[in-house]
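Subject: Handing over the structure

Dear colleague,

Below is the structure I promised to pass on to you, together with its sequence.

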Amino acid sequence: MNFSELFKQTQSLVRFSPDGNYLANCVSYKVIIRAVDTLQILRLYTCMDAVQSLEWSSDSQFLLCAMYKRGLVQIWSVEQPDWTCKIDEGSAGLIHAQWSPDGRHVLTTASFNLRITVWSLVNKSISYIRFIKNSKDCLSFSASGKYLAVGECRKCKDYISIFDVESWQLLKLFETDTEDLSGIKWSPDSRVICAWEHCLWYKILIYTMDGRCLSTFKAYDWALGVKRVEWSPASQFLAVGSYDQKVRVLNYITWKSISEFGHSSNVQGDNVVVFKEVNAAAAINAIMESTKKPTELFASQSKYEFCETPVELPVTKPDPQKPNPKIGVSWLAFSPDNRYLATMDDSMKSALHIWTMKSLSLYVVIQQVDPIKCARWNPCTCRLAFSCGNNKVYLWSPSGAVSVQVPLSPLFHVHSLRWHPDGRSLVLASKEQMCVCYLQSSEKEKPTD
């Protein structure tokens, strides 16, 4: 691996453009656009306040900067630096802003989810969408970019409305069989919409675009339910993570569960590969922490060891007196080739489970020294990168796992990471700095079909 020099950034607001030519980052109220090949600054913009959200348009021509505290959105053009756009929600406030798939409309959500305003950059027209439940999970565009599904609440009943993105006209409105709709998500093939209940219930519903309910799935009753929902890239599987520490995989033909992936602290099975991170400086760091001296100077590159099953994973018991218990599967993601599913359970934050979809079984468990902060699949190959808030970046592929120390500074702790669209590099971000990590030619894999 090769690493660039360190650059300043704030709030991990670092984004590659969809076409892979630009890298944008924020330093408080300043927006910097760099060329990916050279990392030279191409554009430097000054916003009216500190930026809290950063997003590229689909064609990489515009950059959206949201300032929620001031209820403002500023949009900058890469090719025309003199062109600018400012959206002011005024007294209504602003809690969310995003692009539409065509890259020429901006959707802003007012405080308390009062309404969604659709702003056109082409003809300056404005459209309104009301009754939305929440802009985070109840707003979903189809993969084709033609339709928008919105989860709504009208007269104390839940509905899903379908809008035509080209005209923003309502095409269909139908009621859902839910007590408190929590989220919706289009399938990658734009064929069906998945809707799920609030975490107080376990209920998954599959709807067609015209409002027909194809299936209702309930795994159990009288316990905390759905926590995370993800489609596989080919729309063949729907993975549902829940508070009972299981992932249930639904198939796209019958919409029934074909497998349950349980997250037990005791890992068993002869076919399971367990990687355990070993840090040679752990003992030294423990001694230095007791004396309150800097430990970063003693940080060394860790390595992985193979462990024979059974293996006991460290578990953090949730506090029953606090809301939102730290238990259950809160993160899961399919590999781009549909072969693997990576999951994490909140009670075992230092462990990463990887399941093979070929045999629907546990394939790999990676046990880290520190809790995992961020994990992302390579968009082109079967490679998983993750970080643990230290000065290392970790990679897993079917050929094995590796731990790489960032050689730039012992104080550079990786809290988040993002892949370049071509999968050949990734940007690493700490609290105040960032760098680009380049995979060497021997580390690159052929893209999956």
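I begin with the sheet, in which four strands are arranged in the order E3-E4-E5-E6, forming an open sheet with antiparallel pairing. Its edges are strand E3 (14–16) and E6, each of which pairs on one side only, and the twist from one strand to the next averages 15°. Please keep in mind throughout that this is a predicted model.

Within that sheet, strand E5 (residues 30–35) pairs with E6 over five bridges in the antiparallel sense, and Ile-33 has Arg-43 in E6 as its bridge partner. The loop between E5 and E6 contains Leu-39, which has a positive phi of about 60° although it is not a glycine; with a relative accessible area of 10%, Leu-39 is buried. A second residue of this kind is found in the loop between strand E2 (7–8) and E3, where Ser-12 lies. Phi of Ser-12 is near 55°, again a positive value in a residue other than glycine, but Ser-12 is partly exposed, with a relative accessible area of 23%.

Strand E7 (residues 53–56) and strand E8 (residues 62–67) run antiparallel and are joined by four bridges, with Leu-54 standing opposite Cys-65 in E8. These two strands form a hairpin with five residues between them, and Ser-60 in the turn has a positive phi of about 65°. E8 is in turn joined to E9 by six bridges, again in an antiparallel arrangement, and here Phe-62 stands opposite Ser-77 in E9. Four residues lie between E8 and E9 in their hairpin, and Gly-71 in the turn has a positive phi of about 65°. Finally, E9 pairs with strand E10 (residues 84–88) in the antiparallel sense over five bridges; Trp-76 stands opposite Thr-84 in E10, and the hairpin of E9 and E10 has six residues between the strands.

How many residues of E9 are buried? Six of its six residues are, so that the strand is mostly covered. Both of its faces are involved, with Leu-72, Gln-74 and Trp-76 buried on one side and Val-73, Ile-75 and Ser-77 buried on the other.

Turning to the aromatic residues, the structure holds 18 aromatic pairs. The pair of Tyr-45 and Trp-76 is stacked, because the ring centres are 4.7 Å apart and the planes meet at 15°. Since Tyr-45 lies in strand E6 (residues 41–46) and Trp-76 in strand E9 (residues 72–77), this pair ties together parts that are 31 residues apart in sequence. Both Tyr-45 and Trp-76 are buried.

A further pair is that of Phe-174 and Tyr-207, which is tilted because the ring centres are 5.3 Å apart and the planes stand at 40°. Phe-174 belongs to strand E18 (residues 169–175) and Tyr-207 to strand E21 (residues 204–208), so the pair ties together parts that are 33 residues apart in sequence. Phe-174 and Tyr-207 are also buried. Elsewhere, Phe-275, Tyr-304, Phe-306, Phe-386 and Tyr-394 form one aromatic cluster.

Two arginines are placed over aromatic rings. The charged end of Arg-34 sits over the ring of Phe-7, 4.0 Å from its centre, while Arg-130 lies over the face of Tyr-128, at 5.5 Å from the ring centre.

As for the cysteines, a search of the whole structure finds zero disulfides. Cys-26 is in no disulfide, and its nearest cysteine sulfur, that of Cys-65, is 5.2 Å away; at 0% relative accessibility, Cys-26 counts as buried.

One last point concerns the backbone: the peptide bond from Thr-309 to Pro-310 is cis, with omega near 5°. Pro-310 has its place in the loop between strand E29 (303–307) and strand E30 (311–312).

With best regards

Definitions and conventions
Residues are numbered from 1 along each chain as its sequence is written. This is a predicted model: local features need pLDDT of at least 70, side-chain atom pairs count only at pLDDT 80 or more; totals for chains, interfaces and linings use all residues. Side-chain values use heavy atoms; hydrogens and water are left out. Rings of Phe, Tyr and Trp (its six-membered ring) pair if their centres lie within 6.5 Å; planes under 30 degrees apart count as stacked, over 60 as edge-to-face and the rest as tilted. Buried means under 20% relative accessible area, exposed over 50%, partly exposed in between (1.4 Å probe, protein chains only). A charge sits over a ring if NZ of Lys or CZ of Arg is within 6 Å of the ring centre and within 35 degrees of the ring normal. Two strands pair if DSSP finds at least two bridges between them. A disulfide is a pair of cysteine sulfur atoms within 2.5 Å. Axes are lines fitted to C-alpha atoms, for helices over the stretch in contact, and angles run from 0 to 180 degrees between N-to-C directions.
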